[in-house]
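Work through the exercises below with the sequence and the structure at hand. Each task is followed by a solution in steps.

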Amino acid sequence: MQLDFASMAILITINLGVMGLALPLVMGSPISRAAQHAQRYFVLQAAAWALILSASRVRGTPWDMVLSVGATCAASAALWQMAQALQQWLGPRPLRRWLLILSILAPAGFAVLFQHPAWRMAWYSLCHALMIISLGWMCLRPRRTVSNAWRYMMAACSILMAAGLFTRAYLAGWTPWLQDFAQDNSVNHVFALIAQLCGTLFLVSMLVAWRDETNQKLRDMAMTDQLTGLANRHALLQKAPEMQAHAHRQKIPLALVLLDIDYFKTVNDQHGHVIGDQALQLLAQVLRQHTRGDEIASRWGGEEFCLLLYAQTETVEKFYQRLSEALQAQSLHDLGFGLQLSAGCAIQMPHYSYSLTQLLQYADAALYTAKSQGRGQLSFQTSPLPPPLAPACTLQGRTL
């Protein structure tokens, strides 16, 4: 049995619509922002094919222009939604502004050229091809760690679709063979088959991308303290060797700072554990505001926090002063009472290479000194550090 274009369009519309509606069922609820954009892509593509089919049934009536322009708007909006999904999955994407401009110009030009069927088809096919190529380019060079398979599959589908659209633009504008989107001929049949194939492969790509996103969220959860949102102990232990090696190569000091909230047990006893949790979250918020992207602040255990900073003694002192003042002011405003910090610091100087455990021992001793001398202050290890010690067990968080 030979299918005509109308039958093929109906099958594509149903297929894309089912894909869009089924995505939340496959991914679970609630789905991520990226998955929402992907779902809208399939729904809008289904709407575009439905409108194309409807417009072909009312040629020569006022509804023809309304439905045809609506189809081009839906198809352009679908590609913009896909660009938004890629932005969420891969990080900032190039060509998004260019794609947005094309998604406006394509239906606008189609409407202006509506009385010239061949040229309106050539114009929209050309613009649509450029948008598809832009999407393929956006799949390259991710800013985040993702698998290559789904990105390359999407890029390959984009090239295939764009090739079909460029061919259709040429045939519509410079030959008499193609005059309408819904014309029942071999060119449109081949394009419909390509659209069906690429739609299916796009769905597979979206599912793999969603799997990557889910796995990354699980990895982030494993490296994040659930109460404060800071890195946890495991994350710091993973990051520290990299930072130590960088400091050693660049000949810059690396400071390890242990700090905790003074009299935290009293806070819990007098105000309750809910307020105690809020105090920890407040300190975490202040730490995020005062640490740079190449540094790390983690919750070490209980009310104790551990920081790794590229800084020397004077810089750490200024950092501690800013941190203490910010925490004092913010806690008075949010909690109704002030919080103060004690801190101990050990600094790995460029000419020495210490293990993280040894730095922790020195910082822990400095923190003990700060607390024994009255709290609310920063103490340093004896400078310079003695020669590296033999490996020792990692210290546990401690409350004083």
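**Exercise 1: a helix pair**

The axes of helix α9 (residues 264–271) and helix α10 (residues 273–290) cross at roughly 140° and come within 7 Å of each other. Classify the crossing of α9 and α10 and describe the contact.

Solution. The model is predicted, so local features need pLDDT of at least 70 and side-chain atom pairs pLDDT 80 or more, while totals for chains, interfaces and linings use all residues. Residues are numbered from 1 along each chain as its sequence is written, and side-chain values use heavy atoms, without hydrogens and water.

Step 1. Helices (H or I, at least four residues) and strands (E, at least two) are DSSP runs numbered from the N terminus. Axes are lines fitted to C-alpha atoms, for helices over the stretch in contact, and angles run from 0 to 180 degrees between N-to-C directions.

Step 2. The angle makes α9 oblique to α10; under 35 degrees counts as roughly parallel, over 145 as roughly antiparallel, 65 to 115 as roughly perpendicular and the rest as oblique.

Step 3. On the α9 side the contact (heavy atoms within 4.5 Å) involves Phe264, Val267, Asn268 and His271, and on the α10 side His273, Ile275, Gly276, Ala279 and Leu280.

Step 4. By class, the residues of this α9–α10 contact are 5 nonpolar, 4 polar and no charged. Ala, Val, Leu, Ile, Met, Phe, Trp, Tyr, Cys and Pro count as nonpolar, Asp, Glu, Lys and Arg as charged, and the others, Gly among them, as polar.

**Exercise 2: glutamine 377**

Which residues does glutamine 377 contact, leaving aside neighbours within four places in sequence?

Solution. Step 1. Glutamine 377 is in the loop between α12 (356–372) and β5 (378–380).

Step 1. The contacts of glutamine 377, with those neighbours left aside, are Tyr320, Leu341, Ser342, Ala343 and Ala370.

Step 2. Glutamine 377 and leucine 259 are 118 residues apart along the chain, with 9.8 Å between their C-alpha atoms.
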